[in-house]
Amino acid sequence: MSNELINNLLDALKLSPDNVPLRLQVADLMLQEKMYAESATQYRQILEKSYGNTKAQLGLATCYFYLQKNSAAIIIYEQLQNLSLEDQVRYI
């Protein structure tokens with residue numbers, strides 16, 4: 001069901017590629033489905049359109065963590081300020 005939903009949302013993104021909230025929803029669903037590389041691609045595209053989008057930065061850092069790109073994840077976390085304790089603990 002989730003993959004079908006993701007595919008439908010990807011189709012919608014083809015019609016509206018600059019729709020940041022829609023792309024964020026796709027990226028979050030992909031992350032939930034453990035599609036880390038695909039999700040990271042979506043988060044990077046969000047950051048190209050919406051630089052400084054904290055949710056996208058945190059999602060990308062999470063993807064990097066699960067892809068065992070720990071250094072990249074740590075760099076993203078260090079660039080962010082005012083993180084909650086829960087987000088700070090994610091990369092430890």
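**Reading the chain and its helices**

Author: Of the contacts in the chain with a separation of 6 or more, 33% join residues 24 or more positions apart; contact here means heavy atoms within 4.5 Å. This is a predicted model, in which local features need pLDDT of at least 70 and side-chain atom pairs count only at pLDDT 80 or more, while totals for chains, interfaces and linings use all residues. Residues are numbered from 1 along each chain as its sequence is written, and side-chain values use heavy atoms, with hydrogens and water left out.

Reader: How many helices and strands does the secondary structure of the chain have?

Author: Helices (H or I, at least four residues) and strands (E, at least two) are DSSP runs, numbered from the N terminus. Here there are 6 helices and 0 strands, and the pattern along the sequence is α-α-α-α-α-α.

Reader: What percentage of the residues in the chain is buried?

Author: A residue is buried under 20% relative accessible area, exposed over 50% and partly exposed in between, with a 1.4 Å probe and protein chains only. Of the 92 residues in the chain, 38% are buried.

Reader: Which residues have the most contacts inside the largest nonpolar core?

Author: In soluble globular proteins, nonpolar side chains tend to be buried together. A nonpolar core is a set of buried Ala, Val, Leu, Ile, Met, Phe, Trp, Tyr and Cys residues joined through side-chain atoms within 4.5 Å. The largest one here has 19 residues, and Tyr 43, Ile 46, Leu 60 and Ile 76 have the most contacts inside it. At least two residues of this core come from each of α2 (20-32), α3 (36-49), α4 (54-66) and α5 (70-79). The largest share, 6 residues, is supplied by α4. A second, separate core of 7 residues includes Ile 6, Leu 9, Leu 13 and Val 26.

Reader: Which residues does Ile 46 touch?

Author: Leaving aside residues up to four places away in sequence, Ile 46 touches Val 20, Arg 23, Leu 24, Ala 27, Asn 53 and Ala 56.

Reader: Is Gln 57 buried or exposed?

Author: Gln 57, which lies in helix α4, has a relative accessible area of 13% and is therefore buried. With residues up to four places away in sequence not counted, Gln 57 touches Leu 47, Gly 52, Ile 76 and Leu 80.

Reader: How do the axes of α3 and α4 cross?

Author: Two packed helices are described by the angle between their axes and the distance between the axes. Axes are lines fitted to C-alpha atoms, for helices over the stretch in contact, and angles run from 0 to 180 degrees between N-to-C directions. Angles under 35 degrees count as roughly parallel, over 145 as roughly antiparallel, 65 to 115 as roughly perpendicular and the rest as oblique. The axes of α3 and α4 come within 9 Å and cross at roughly 150 degrees, so these helices are roughly antiparallel to each other. Among the residues that meet are Tyr 36, Tyr 43 and Ile 46 in α3 and Ala 56, Leu 60 and Tyr 66 in α4.

Reader: Are α2 and α4 roughly parallel or roughly antiparallel?

Author: The axes of α2 and α4 come within 11 Å and cross at roughly 25 degrees, and the two helices are therefore roughly parallel. Leu 24, Asp 28 and Leu 31 of α2 make the contact with Lys 55, Ala 56, Gly 59, Thr 62 and Cys 63 of α4.

Reader: How many aromatic pairs are there?

Author: Rings of Phe, Tyr and Trp (its six-membered ring) pair if their centres lie within 6.5 Å; planes under 30 degrees apart count as stacked, over 60 as edge-to-face and the rest as tilted. By this rule there are 2 aromatic pairs. The rings of Tyr 36 and Tyr 66 have centres 4.8 Å apart and planes at 15 degrees, so they are stacked. This pair links distant parts of the chain, with Tyr 36 in helix α3 and Tyr 66 in helix α4, 30 residues apart. Tyr 36 is buried, at 16% relative accessibility, whereas Tyr 66 is partly exposed, at 45%. The rings of Phe 65 and Tyr 66 have centres 5.2 Å apart and planes at 75 degrees, so that pair is edge-to-face. Tyr 36, Phe 65 and Tyr 66 form one aromatic cluster.
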